[in-house]
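I would ask you to keep the sequence and the structure in view while I talk.

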Amino acid sequence: MLLKKVLKTEKAENKIKKAYELLAKMKFELLRNYDELNFIETEKVSLNEVRAFVEEGIVILEFDEALPCQKVDDAYANRVHWREMMNGALKKLFENIENVPDYEKAVVCVEVHKTSDNWDISNRMLNLVVNMLKGNFMPDDNITNLVIAHKGKKSDREKTVIYIGNYYTDMEKVLKMWC
């Protein structure tokens, strides 16, 4: 009797996990087609502002803007703008790469370049980045499926670079590119 209950619980958990993964993929599809839905009038993002490619098995997303601070008056507009940029980068990646990696556990390193060295790295919209990657490169953003690191860097031009790899096999490569 107990074994039947355990098996039923495991089946239910598997169904819930699969449904959650499907929901994350559906969320990405909705966001990818966001432009066509016309919910909000937004500025179109030029695909020249984003680059998406795979180098040595590591997915690299580059943006010609620094990831914005989440504590600003126009945070909503920034989130919409960055969602569009992330969608543009992911769309480029999925269109140009035949087998985009999917990891059970991903390592994600985010590097934000700013022209000033007087800014707070911890207030960046990092959660938006993670949510856009969830369902595309890893099943979830919990401690089982994601290791994340981010850093700021003073630079002559503002940009954001995101490195994504397999936690188990690519950690060293990702850290070498990121550091």
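I shall go from the overall layout to the sheet, then to some single residues, and finally to the aromatic rings.

A word on the source: this is a predicted model, in which local features need pLDDT of at least 70 and side-chain atom pairs count only at pLDDT 80 or more, while totals for chains, interfaces and linings use all residues. Residues are numbered from 1 along each chain as its sequence is written, and side-chain values use heavy atoms, with hydrogens and water left out.

Let us begin with the layout. The protein has 5 helices and 5 strands; helices (H or I, at least four residues) and strands (E, at least two) are DSSP runs, numbered from the N terminus. Read from the N terminus, the order of elements is α-α-β-β-α-β-α-β-β-α. Of the 179 residues in the protein, 42% are buried. Here buried means under 20% relative accessible area, exposed means over 50%, and partly exposed lies in between, with a 1.4 Å probe and protein chains only. The accessible surface of the protein is about 10,800 Å², and carbon and sulfur atoms hold 52% of that surface. Such areas come from the Shrake-Rupley method with a 1.4 Å probe, and for residues only the protein chains shown count as cover. Among contacts in the protein with a separation of 6 or more, 81% join residues 24 or more positions apart; a contact means heavy atoms within 4.5 Å.

I now turn to the sheet. In what order do the 5 strands stand in the open sheet? The order is S1-S2-S5-S3-S4, with mixed pairing; two strands pair if DSSP finds at least two bridges between them. Strand S1 (50–55) and strand S4 (146–154) stand at the edges with a single partner strand each, so one side of each has no neighbour in the sheet. From one strand to the next, the twist averages 15°. Axes are lines fitted to C-alpha atoms, for helices over the stretch in contact, and angles run from 0 to 180 degrees between N-to-C directions.

The pairings can be followed across the sheet. S1 and S2 run antiparallel and are joined by 6 bridges, and Ala52 has Leu61 in S2 as its bridge partner. S2 and S5 also run antiparallel, with 5 bridges, and Glu62 is partnered by Val161 in S5. Between S3 and S5, again antiparallel, there are 8 bridges; here the partner of Glu111 is Val161 in S5. How many of the 8 residues of S5 are buried? The number is 8 of 8, and S5 is mostly covered.

Helix H4 (residues 126–133) lies across S2, strand S3 (106–114), S4 and S5, at about 135° to S4.

Next, two single residues. Ile60 belongs to strand S2 and is buried, at a relative accessible area of 4%. Met171, in helix H5 (residues 167–178), is partly exposed at 23% relative accessibility. Leaving out residues up to four places away in sequence, Met171 touches Val107, Val147 and Asn166.

Finally, the aromatic rings. The whole structure contains 3 aromatic pairs. Rings of Phe, Tyr and Trp (its six-membered ring) pair if their centres lie within 6.5 Å; planes under 30 degrees apart count as stacked, over 60 as edge-to-face, and the rest as tilted. Phe63 and Trp82 form a tilted pair, 5.0 Å centre to centre, with 50° between the planes. This pair links distant parts of the chain, with Phe63 in strand S2 (residues 58–63) and Trp82 in helix H3 (residues 75–96), 19 residues apart. Phe63 is buried at 0% relative accessible area, and Trp82 is buried at 1%.

Why is the pair of Tyr167 and Tyr168 called edge-to-face? The ring centres are 5.2 Å apart and the planes stand at 80°, so the pair is edge-to-face. Tyr167 is partly exposed at 28% relative accessibility, whereas Tyr168 is exposed at 58%.
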